[in-house]
Amino acid sequence: MDLQLQNKVAIVTGASKGIGLAVVTALAQEGVRVVAASRGQGAELSELAERYAVQPVAVDLSTADGPAKLVESAIAKFGRVDILINNVGGTHMQAGFLSISDEDWYRTFDMDVMSTVRASRAVLPHMLEHRSGVIINISSVNAHLPVTQIMDYCAIKAALTNLSKALAEEFGPQGVRVNTVSPGTVLTPQWDAEGGNADLIGTALGMDRETVLSQLPKMNNMTINRLIQPAEVAAIVAFLASEHAAAIVGADYIVDGGTLKAVI
Ligand SMILES: NC(=O)c1ccc[n+]([C@@H]2O[C@H](COP(=O)([O-])OP(=O)(O)OC[C@H]3O[C@@H](n4cnc5c(N)ncnc54)[C@H](OP(=O)(O)O)[C@@H]3O)[C@@H](O)[C@H]2O)c1
C-alpha cells in the first residue's frame, strides 16, 4: 500500500533508539522528511540521516522549553509540520508504591505527559492555521493494565491516553487528527540495555538478562509468545499518519501481542 506520505514533514520524539527509531525509519522510507529528536544521536540515527531526509535534533524533551524549541527548529527548517509523533517516555521499575518518590512521579509525568503537552501546544497553532495535521501519542498497554512495580508510569500513561482523546475531540473538527498507539512489551533498549528493565527484574529474581528476556513473553501473558519488534509498532504509526486513516480519530490502537485478555 502506498501511504502517500511523500514530502510530508514529521517530528518524532525519542528518535534515536527503540520505537522512535523504528518510526523514523518507517516514515523516512515512505518519503517523509523527519525531524528526529533525542538527547543523543547514535550510529543508527546518523546512518538514517545519511540515507534519507532525516534531520537529527539534539534536545532534552523533559525540560520546559525543549519541545517548543524542537517545533520551532522544524518549522524553521521545513516551513511546516504535518505529523507529530510524541514517542518519548519510559518506565523506571520500583519495588512498589511506597518506593516511588515525588521526584519519580514528577519525572515520569514530565517525560510521558508534559513533553506531549508542550510539543502539541507548540505545533497546534501551526497545524490549525493549515487546517491539517496528525498527532500520534505513544501510550502503553499499561494505560489499561496497572502493574505494581511501575505504578507511576501506568497512571501517567492512562492520563496520556485520556488527554489524547480530549485533544482529538477539540481539534478534530479543525482538521487535526489525534490518536494513540499503545504497545505491549517491545524489545527496545528500555528492556535490553545495560541497567534496563531486564537487568532490574533479573536482579530482583536472581536471573541474567537473557533469561529474563526469554521469559518476558510468558511473564507478560503474551499470546504470541515472543516480544514485539519496534517495526511492528512503527507500521501502525505510519498507517495512522496517512490519509488512509482519515476517518480514525481519538482511537487507541493496542499492539500488545495479546497481553490484554479483556474486551475494552
Ligand atoms: N519498549 C516497550 O516495551 C514499551 C511498551 C509500551 C510503551 N512504550 C513507550 O514507547 C515509547 C518509546 O519507548 P522505547 O522502549 O522505544 O524507549 P527507549 O528504547 O528507552 O528509547 C527512548 C528514546 O527516547 C530518547 N530520550 C530519552 N530521554 C529523553 C529526553 N529527556 N529528551 C529527549 N529524548 C529522550 C532516547 O534517546 P537519548 O537517550 O539519546 O535522549 C531514545 O531515543 C515510550 O513512550 C514508552 O513508554 C514502550
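In the ligand site, an N or O atom in the side chain of Lys157 lies 2.9 Å from an oxygen atom of the ligand. The model is predicted, and every distance given here is computed from it. A polar backbone atom of Ile19 is 2.8 Å from an oxygen atom of the ligand. For Val186, a backbone N or O atom is placed 2.8 Å from a ligand oxygen atom. In total, 32 residues surround the ligand. The closest are Ser16, Asn87, Tyr153, Gly184 and Thr188.

The nonpolar interior was examined next. In soluble globular proteins, nonpolar side chains tend to be buried together. The largest nonpolar core of this model holds 45 residues. Within this core, Val24, Leu27, Ile85, Ile136 and Val181 touch the most other members. Helix H1, residues 18-29, supplies the largest share of the core, with eight residues. At least three of its residues come from each of domain 1 (9-186 + 229-255) and domain 2 (192-226).

Ile85 illustrates these contacts. Neighbours within four places in sequence aside, Ile85 is in contact with Ile11, Val12, Thr13, Val23, Leu27, Ile136, Ile138 and Val237. Another core, of 24 residues, lies apart from the largest one. Among its members are Ala37, Leu84, Val123 and Met127.

Helix H8 spans residues 209-219. Its buried residues are Val212, Leu213, Leu216 and Pro217. Viewed down the axis of H8, these buried residues fall within an arc of 140 degrees, so they line one face of the helix. The face turned away from the buried side carries the exposed residues Ser214 and Lys218. Cover for the buried residues of H8 includes helix H6 (189-192) and helix H7 (197-205). After H8 comes Asn221, which has a positive phi, near 60 degrees.

Helix H7 contains Asp199. The relative accessible area of Asp199 is 18%. This value is under the 20% cut-off, so Asp199 counts as buried. Leaving aside neighbours within four places in sequence, Asp199 is in contact with Ala193, Glu194 and Arg209. Arg209 belongs to the span of H8, residues 209-219.

Conventions
Residues numbered from 1 in each chain as written. Predicted model: local features only at pLDDT ≥ 70, side-chain atom pairs only at ≥ 80, totals over all residues. Heavy atoms only, no water. Buried < 20%, exposed > 50% of the residue type's maximum accessible area, 1.4 Å probe, protein only. Helix = DSSP H or I, 4+ residues; strand = E, 2+ residues; numbered from the N terminus. Arc of directions from axis to C-beta. Contact = heavy atoms within 4.5 Å. Core = buried A, V, L, I, M, F, W, Y, C linked by side-chain atoms within 4.5 Å. Domains from an automatic or database assignment. Near = heavy atom within 4 Å. Polar contact = N/O pair within 3.5 Å; in protein donor to acceptor, adjacent residues only side chain to side chain.
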